[in-house]
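Please look over the model shown here before reading the numbered points that follow. They are meant for someone new to it.

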Amino acid sequence: MHVWQRILCLALMIGIAACVLMPNPTSWQYQILLAAAVLALLGILVQPTARLERLSAHRFKILLGLLGSALVLAQLLILIFLPVTVYHDPFRVLVQAAQMAGGNYDWNITYFWRYSQNVPIAWLLSRWLMITNWLGLSVNWGVNLLELILLDGFIYLTLLTAWQLTHRKKVVFGLAAFFMLTPFAYTYYLQVFYTDLPNMLILLIIFRQLIFWSNFSRRQKWFRGLLLSGLTALGMLIKANLIVLVPAILLTVLLMRPKRSLKLALGAIILGVVLSVPAHAGIDRAAHFQQNDAYKFPTIAWVTMGMNERTQGTYSSVDVIRNIKQKDLTARQKVDQKVLKKRLTSMGAAGIGRQVIIKDGILLDVSQMTEWYNGGFKNAPAWYLKFADHWHELAVLMMSSAAICLYLLTIMRLWKWRPQRYDDRQTVLMLLVMTALGYLGFHALLWEAEPRYGQAVFPLLFMILMLTKPASVPVVQLKWLRRPRPAASVFVLFGVLLLAWNQGLPGSNTSIVAAQRSQLSTQYHARPTFLAPRQTVSQQIRLLAAGSRISVQTYANTDLKVELQNLQTRRKWQLTRHGDSHRLCQDLGAGTYQVTVTNPTPKPQPIAILKTNRYQMTDRPLIFKGHARRDASLIYLVSNQSD
C-alpha cells in the first residue's frame, strides 16, 4: 500500500523543482538564494523548541492573539490602501452576483453559457451581497468582509486542528509563520474572491470531521453526517473538481478496510456529491439561468487543452477560439476529438509523460500567487513602485521557500510511512494522500492545469503533517541540519532576504502605476456603450507616482478623440489609436489627470465603458451625460513600460 504515498512524494519532488525553475524571469542567482532560504528554514524547523514548549497555555494564547491581531490589521490596511483591479473570471462572477443582489437576473454576457459551472458561485455570492447591502455596506466591502471571514477562518481552523492533533506549540507556531510571513494571507486570497479559497476551507472542514469522527457520540454522528453531505454538495457547487473525493474514498476503503462507523461518514460524502446535481439545477432555476448549448464547450475541450504542448497544458486561447468558431456543441466535440487524437499520436508515450510532469510542476508552483487574477494596484504608491521589483522578489522567494519546505517535510514524513488497516486515523491519512493525488492527477492527466488548481493540496498536506507524528512514524532525518544554532539559521535567512532585496525580480504588475483593467470582454459579447455625435465622457485618474505610458481601451476601427489633461498644469495630450485602444507615451508626473473621450463624428461610436451595480472600480467616478457614476469606469492602464 505504501506505493501511493510514494507516488505523492514523487509528485511533490516535481513541485520542488518547479518552484526553483519556473519563476519567470529567473536567474541562477535567484535559484541559489532560494536554496539558501530553504536550508535556513529547515535549519530553524529542526531545532529543539524547549523554550517554546515551556510557554504556559495562557501566554501562548496571548502570543497567538497578538500575532492574529497584527495579521488582521495588516490585511485591513492592504484592503484600504492597496486595492487591486480584479479581472477575468472572478470579476465576471462578481459583476453578475452584484447584479442579482440588486434584483436583476438578466444574463447579459455569454460567459456563463460557456462556463455554467460558475453560476452557483455567482448566485451564492449574490445571497451574501444581499445581506451586506441590507447592512449598508458597499459591494466592495461586502466582498472584502467575505474574503476576511473565509481566509482568517481557514487560518484559524488550520491552527486549531494542528493544536488538537499534535499539542505541540512548535507546529502551531510554524504554521502561523507560514501564513503570516508569506504572501498567502495578503495577496490573492485576501484581494480576489473566487472558488479556490472556499474549496480549500471546505476540504479542511470535511477532513476535520473525519479525523475526529471516532470522538463523536451516536447523535453527533448523525448531525456530522448531514454536515458532511451538505459541505460536499456545497463544495461541488463551488468547484466541481471536488469529485476527486469519490475515487479517493473508494480506493481508500478498498485498501484500508475502515470500520463501519467511518464508512458511514465516507458514504455521507458520496451522498453529498450526488445531491450536488439537483442542487445545481435548483440554483439555475433560482437564478433564472438557462443552459445554452450554442456557446457551451464539451468536456473533451479541456482534455484537449491539457494536451496542448505549446501552452504546456494550461489555458489556450487558440483552442478556445477554435471552439468558438464551431456552430454548436456537437461540432465542437467532433473537432476536439480529432485534435486530441492528433496531439496524442504526435506526442507518443514519452511526450505524454513529459506533459504530465510539466503540468504537475505547474500545479505546485506558487511563484505567481501575487499576480493571480489581479491587474495591479488601482493606485500604486510611490514607495512601492520605487522598490517594486525588490518587493516582488521577496514575495516570490518567501512563498516558494515556504512551499518547498512544506513539500520536503511531507516527503520526509510519508516516504517510510506504513499504513495500518482498521485504524480510523490511518484511514483518514490514506484518504488525504489519495485526495491530494486525485487533485494532481486529475489536472495533470485529464484537464488543463493552472497553478491555482494545485493549491487545493495545501490543507491536505498540512493535515498529513499533523497526523504523521515524528514520535510514531519513521521520518527521514537530515541530521546535519541539527548542527547550526537557531540564531545562525535565522541570521542566514535574513542575509538571504537582504540579498534578494538587493537583486530584485521583475513581475508582470511591478511597472503598473494606476489601473482599471476589470472588464467583461468582447469575446463574451459584452455590449459596448455608444457615444452620440459630439458627446463626451470623462474620468479622472489619480497617480501617486510618475508614469510613462497610458492606454485607454476603446474599440478597433472606432473614430473617437481621446485626450489626457494634467489638472494641475492644464497641459493636454492627444492619445493615438493602436488597434482596440488609444495610447500615449509621455512622462507623467504624480498628480491628478483627466481622460476625456469625445465623438467628433456625425455617427454614434462604440466605447468600452464598464457599468456595475454598486461595485466601485476606481476612486474617481465616470462623468457621462452630466452625471457622476461611481460604479462605472473606463478601462485604462498607466505604467512605466515604454512598449
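1. T529 is a buried residue, with a relative accessible area of 10%, where buried stands for under 20% relative accessible area, exposed for over 50% and partly exposed for what lies in between, using a 1.4 Å probe and protein chains only. T529 belongs to strand 4, residues 529-531, strands being DSSP runs of E with at least two residues and helices runs of H or I with at least four, both numbered from the N terminus. Leaving aside neighbours within four places in sequence, T529 is in contact (heavy atoms within 4.5 Å) with Q605, P606, I607, I609, K611 and F624.

2. On the basis of the work: this is a predicted model, in which local features need pLDDT of at least 70 and side-chain atom pairs count only at pLDDT 80 or more, while totals for chains, interfaces and linings use all residues. Residues are numbered from 1 along each chain as its sequence is written, and side-chain values use heavy atoms, with hydrogens and water left out.

3. The pLDDT, which is the predictor's confidence in each residue from 0 to 100, averages 89 over the protein chain, and 92% of the residues score at least 70. Over residues 471-483, however, the pLDDT is below 50, although this stretch has 22 contacts in the model beyond near neighbours in sequence. Where pLDDT is low, the predicted coordinates should not be read in detail.

4. M100, in helix 5 (residues 89-101), is buried at 1% relative accessibility.

5. Y373, with phi near 55°, is in the loop between helix 17 (329-364) and strand 2 (374-377) and is buried, with a relative accessible area of 15%. N557, with phi near 65°, is in the loop between strand 6 (547-553) and strand 7 (561-566), but is exposed, with a relative accessible area of 67%.

6. How many disulfides does the structure hold? There are zero, a disulfide being a pair of cysteine sulfur atoms within 2.5 Å. The sulfur of C9 is 16 Å from the closest cysteine sulfur, in C19, and therefore too far for a bond. C9 is buried at 0% relative accessibility, whereas C585 is exposed at 52%.
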